[in-house]
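Subject: Structure handover

Hi,

Here is the structure I promised to pass on to you. Have a look at it first, and then read on for what turned up in it.

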Amino acid sequence: MIPTMKYPAVLLLSVILAASCQNQKKDMPALETPTAKKIPKELSLHGDVRVDDYYWMNQREDPEVIAYLESENAYYNTLTAHTKDFQEELFQEMKSRIKEDDSSVPYKQSGYWYITRYETGKEYPIYSRKKESLEAKEEIIFNCNELAKGHEFFNLRGVTVSPDNTMAAFGTDTVSRRQYHIQIKNLVTGEVYPDKIENTTGSAVWASDNKTLFYTKKDPVTLRSDKIYKHKLGTSADEDVLVFHEADETFGTYVYKSKSKKYIIIGSYSTLTSDFRILKADEPDGEFRSFSPRERGLEYSIYHYGSDFYVLTNKDGATNFKLMRVGEDNTAAEFWEEFIPHREDVLLEDIDIFKDYYVLSERDNGLNKLKITRWDNKDSYYLPFDNETYIAYAYTNPDFDTEYLRYVYNAMTSPYSIIDLNMRTKEKEVKKEQEVLGGKYKKENYTSERVWATARDGVKVPISLVYHKNTELNEDTPLFQYAYGSYGSTSDPYFSTVRLSLLDRGYVYAIAHVRGGQYLGRPWYEDGKLLKKKNTFTDFIDCSKFLIENKYTSPSHHYAYGGSAGGLLMGAVVNMAPELYNGVIAAVPFVDVVTTMLDDSIPLTTGEYDEWGNPNDKEYYDYMKSYSPYDNVKAMDYPNLYVSTGLHDSQVQYWEPAKWVAKLREYKTDNNLLFLDTNMDAGHGGASGRFEALKETAKEYAFLLDLEGKTP
């Protein structure tokens, strides 16, 4: 028997013998289960009182909070000790499929070929370039393996080279709170200037003068991106000039440069509304002017070409968006003229502009389509794709004066490929296909399909499936069902080398394209948000029922996974239909919806009102409370649960999953596994490093495979 773990008095420890747990190994030791203390806090609004016994966990620096998280980690690590070797085996297996000494397909910009590459045994990328020719001498811009030394977490982003190719701005985060500091490197001398611009998004934009830089700062408390500053090379960051403040707390802001290089553009965004300001890049000390007066509910994005802007927008009820054109001198919405009309059955997602062609990214019945058209209308065609479980999208195309479109294609059974299409001749060249090492993977060994479940309101919900051709589909087949279902973010049917570790062990992998995403167009999103949010949850459940009824699996072999807002989905599902799943993984789950959405000091809250609603309005309060996972925990049997979080998470604060697990421990009536695994060094995205993140996936897969008895 393991000695009793010693924790501060904050933890009231109740003893549960592991040997009595129906899903635990017989040789597991008895262990004290961490049980958090209860300090009732009444939360009153709209005449309603909620009592939160674990509200005290909302103190990241409190030693008792840290002690509780560490006790949960100790509990998890002890009860999964028998899988540690298997986790390492899975990690090495996943890693072995990935080409370590890999490099990106080079792309050319302003006379240089840019390359990102990895070296064997190294976790982080190396950014380099070659002048004019790929045979030229390599210039190392950043070696992130060197920059990451001494840091538990490291992320570099926003590398932006000045127009004259002599300077590079870049952002780094060593905490995982997504608060980057920006520095500038002289690419001629190699010197990194010591001046640091703190608390930014990490991205910056150079003006045409090669010395003026525009960047976005965050509110230090809420982490909302709210201010655009101007920095002059050679001056202190303390002297930087504020050029725009987004005062509306429901909006965020950002800055970028048009592909034409003619304009610096400030964008403001909320869930329902877009807004832009423009400034000619060769007039950095001028004043930004409004593109069009802000109008609630008007969403749009802008693309500059010649003497016009092209506007992708939902104006005048264009739910699936349309494309409009306006001269660059009078850009207000009243002057926009229709260029490509709205279509009820096709979502217009994006446009890429070239000198002689434009490329439309569309989604029709859930499937990606790329349409290439000459500006002079002498030719127009769609790229052909013959699959129902694939992804295709325009890739990095910074060169304006080219007849080549670079795009990505992959399917659930086919690795990621980068392809160059000659838009004039229609000839294709595969520049790179993702290598799957190890010698075991063959495309023909896997099968994918798309099926349609009928939701309780009669709506057809698509499900993308992939499995090994030798896997028999029946009630004994383990199935792993994933969904996200929020913000209009589409979960596309992509290829994964990591997923092969499940497929090769007999699992079916399913992506449920539930409402709240945008798989079937913008109405699909609108039907899964605000006061229709429960459609996301019931769609997932109805997809599960369909898969069970059609003998793809059974409840005793059915597993579910979701992260962040998808973790909310998992929390809602286990409250509503726990009997359908043997195990559920909730990664960094957003589960305390009402409390979080009432606290406008928490990062991102105010910008979320258009997604979830504002609970200061009783109608939204009541609706949120009716599905919020934390508020709806009840005395009943729950599936086996693995819950993960990060102490420094800026998106979903660690205390949400911590409180949820504490409450589940108090209420659940089963002996199933319940784990809270907190990364004490990382945030929302988990561990940094190319391979370190695989260790977290190995934990999740080991949890699933252990429940199926598929561990060595």
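Let me begin with a pair of helices: helix 1 passes helix 11 in a left-handed crossing. Please keep in mind throughout that this is a predicted model.

Two packed helices are described by the angle between their axes and the distance between the axes. For helix 1 (residues 63-79) and helix 11 (residues 655-667), the angle is about 65° and the axes lie 11 Å apart.

A second pair to look at is helix 6 (residues 534-549) with helix 7. The angle here is about 65° as well, with the axes 9 Å apart, and this crossing is right-handed. From helix 6, the residues T536, F537, T538, F540 and I541 take part, and they meet L568, L569, M570, A572, V573 and M576 of helix 7. That contact comprises nine nonpolar and two polar residues, and no charged ones.

Now for the chain as a whole. The protein chain has twelve helices and 39 strands. Its C-alpha atoms fill a box of roughly 75 × 55 × 55 Å along the principal axes. How does the radius of gyration fit with a compact globule? A compact globule of 712 residues would have a radius of gyration near 27 Å, and the chain has 26 Å, so the two agree.

Of those 712 residues, 57% count as buried. The chain exposes about 28,800 Å², and carbon and sulfur atoms supply 47% of that area. As for how the chain comes together, take the contacts between residues at least 6 apart in sequence: 56% of these join residues at least 24 apart.

Next, two spots in the backbone. Most residues other than glycine have a negative phi, and most peptide bonds are trans. Y487 is not a glycine, yet its phi is positive, near 60°. You will find Y487 in the loop between strand 34 (479-482) and helix 4 (500-503). Y487 counts as partly exposed because its relative accessibility is 32%, between the limits of 20% and 50%.

The other spot is S564, again not a glycine, with a positive phi of about 60°. S564 sits in the loop between strand 36 (558-563) and helix 7 (565-576). Is S564 buried or exposed? With a relative accessible area of 14%, S564 is under the 20% cut-off and therefore buried.

Helix 7 also holds G566. This glycine is buried, at a relative accessible area of 0%. Leaving aside neighbours within four places in sequence, G566 is in contact with A483 and Y484. If you want a distance to check, the C-alpha atoms of G566 and P523 are separated by 19 Å, and these two residues are 43 apart along the chain.

Two further residues may be worth a click.

T313 belongs to strand 21 (residues 308-313), and T313 is buried, with a relative accessible area of 0%. Which residues does T313 touch, not counting those up to four places away in sequence? They are L298, E299, Y300, A318, F321, K322, M324 and W336. Between the C-alpha atoms of T313 and S301, which are twelve residues apart along the chain, the separation is 6.7 Å.

Y623 is part of helix 10 (residues 618-627). Y623 is buried too, with a relative accessible area of 16%. Setting aside neighbours within four places in sequence, the contacts of Y623 are L530, L531, K532, K533 and K534. Y507, by contrast, is 36 Å from Y623, C-alpha to C-alpha, and 116 residues away in sequence.

That is what I have for you on this one. Do write back if you have any questions.

Best wishes

Definitions and conventions: Residues are numbered from 1 along each chain as its sequence is written. This is a predicted model: local features need pLDDT of at least 70, side-chain atom pairs count only at pLDDT 80 or more; totals for chains, interfaces and linings use all residues. Side-chain values use heavy atoms; hydrogens and water are left out. Axes are lines fitted to C-alpha atoms, for helices over the stretch in contact, and angles run from 0 to 180 degrees between N-to-C directions. Helices (H or I, at least four residues) and strands (E, at least two) are DSSP runs, numbered from the N terminus. A crossing is left-handed if the near helix is turned anticlockwise from the far one by less than a right angle, and right-handed if clockwise. The radius of gyration is taken over C-alpha atoms; the globule rule is 2.2 Å times the number of residues to the power 0.38. Buried means under 20% relative accessible area, exposed over 50%, partly exposed in between (1.4 Å probe, protein chains only). Contact means heavy atoms within 4.5 Å. Accessible areas come from the Shrake-Rupley method with a 1.4 Å probe; for residues, only the protein chains shown count as cover. Ala, Val, Leu, Ile, Met, Phe, Trp, Tyr, Cys and Pro count as nonpolar, Asp, Glu, Lys and Arg as charged, and the others, Gly among them, as polar.
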